[in-house]
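Let's take a friendly walk through a protein model. Have the sequence and the 3D view ready as you read.

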Amino acid sequence: MSTINRSRRAAVLGALAALALGATACGSSGGDPLSGGSSASAPAGGSGGAGGSGSTVVVGSANFPENVLLGSIYSQALKAKGVKVEEKFNIGSREVLYGQLQSGNLTVLPEYNGSLLAYLDAKSTAVTTQDVNAALAKTLPASLGILDSSPAEDKDSLSVTQEAADKNGLKSIADLAAKAGEFTIGGPPEFKTRREQQLKDVYGLTFKEWKPTADTTANALKDGSIQVGNVFTTDPKIAQYKLVPLADPKNIFGAQNITPLVNKAGVDATATAALNAVSAKLDTAGLVALMKRVSVDKEDPSAVAKDWLKSNGLG
């Protein structure tokens, strides 16, 4: 998901943070997982769930389905290696989560590296995975760190139907140059304002028409009312409707790799290796398939996580 849209989600979730109490798993040692406030007031290096070898690793998540699924994958991967784990899922916005990680009440979070960097440094111009992670290494406080990023990303894409991709030889956004004048593009209402000039400047694209399709973008691609759509790369409708996210070789959509964010004092070599092993196996296509099971088929995230870990030799 893009920084823009993930920030919008964070703002909404922040306003609902107090309501998240009822949906949050209770912990035996940390009490209210929402206590501690925002990162601006949270003390670094507190105790809580963090600690040395043999202590409990507290895995948290934001309160949207994908992040809960990722938290469950992390949790079960750690348990499979004999690590003691406590789960505190469905907590709330990044502001709350980040503060809890700093205080030590949480140990591990599934994060999105580009959005995390934008939260910490709104002026950063890093776009590639390598550059974003290098910037994070310099920006994060000494008590926190990131582990290996996965290839899986939840980010903006320009997507087309499989039929359109095959008919027009579309594999990357650059391939749209010869056809854009015949195509209608859809996306969130703000997408045209924020991306039209950039798509012209970087890829030479001038579309026939722009339509504000918002949450119906994938459906509009399916029914043919648009030919190109701004669909987020882990939207389960990509798999459901057999859509094709086009490659972005010039990186107009910055990196949003799923990356473990950790309180360093709470993860030992065993935990680090377990989480890095998850990152090595998790890719975008696989996450799309998992999210279809969670969001479309309404399967339990914990069961979906267990199946994925077992099939990848990590459970």
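Keep in mind that the model is predicted. Start with the inside of the protein. The largest nonpolar core contains 52 residues, and Leu 69 and Leu 78 have the most contacts inside it. Helix 2, spanning residues 65–80, gives the most to this core, with seven residues. There is also a second, separate core of 21 residues; Ala 165, Ala 180, Ile 185 and Phe 253 are among its members.

What does Leu 78 touch, leaving aside its neighbours within four places in sequence? Leu 78 is in contact with Val 57, Val 59, Val 83, Val 85, Ala 271, Ala 274 and Leu 275.

Five strands form it in the order 7-6-8-5-9, with mixed pairing. Strand 7 and strand 9 stand at the edges, and each has a single partner strand, so one side of each is left without a neighbour in the sheet. On average, neighbouring strands are turned by 30° against each other, direction ignored.

Strand 5 and strand 9 run antiparallel and are joined by three bridges. In one of these pairings, Thr 161 has Leu 243 of strand 9 as its bridge partner.

Helix 7 (residues 191–203) packs on the sheet, and its direction makes about 155° with that of strand 7. The table lists the strands that helix 7 touches.

| Strand touched by helix 7 | Residues |
|---|---|
| Strand 5 | residues 158–161 |
| Strand 6 | residues 184–187 |
| Strand 7 | residues 209–212 |
| Strand 8 | residues 228–230 |

How values were computed: Residues are numbered from 1 along each chain as its sequence is written. This is a predicted model: local features need pLDDT of at least 70, side-chain atom pairs count only at pLDDT 80 or more; totals for chains, interfaces and linings use all residues. Side-chain values use heavy atoms; hydrogens and water are left out. A nonpolar core is a set of buried Ala, Val, Leu, Ile, Met, Phe, Trp, Tyr and Cys residues joined through side-chain atoms within 4.5 Å. Buried means under 20% relative accessible area, exposed over 50%, partly exposed in between (1.4 Å probe, protein chains only). Helices (H or I, at least four residues) and strands (E, at least two) are DSSP runs, numbered from the N terminus. Contact means heavy atoms within 4.5 Å. Two strands pair if DSSP finds at least two bridges between them. Axes are lines fitted to C-alpha atoms, for helices over the stretch in contact, and angles run from 0 to 180 degrees between N-to-C directions.
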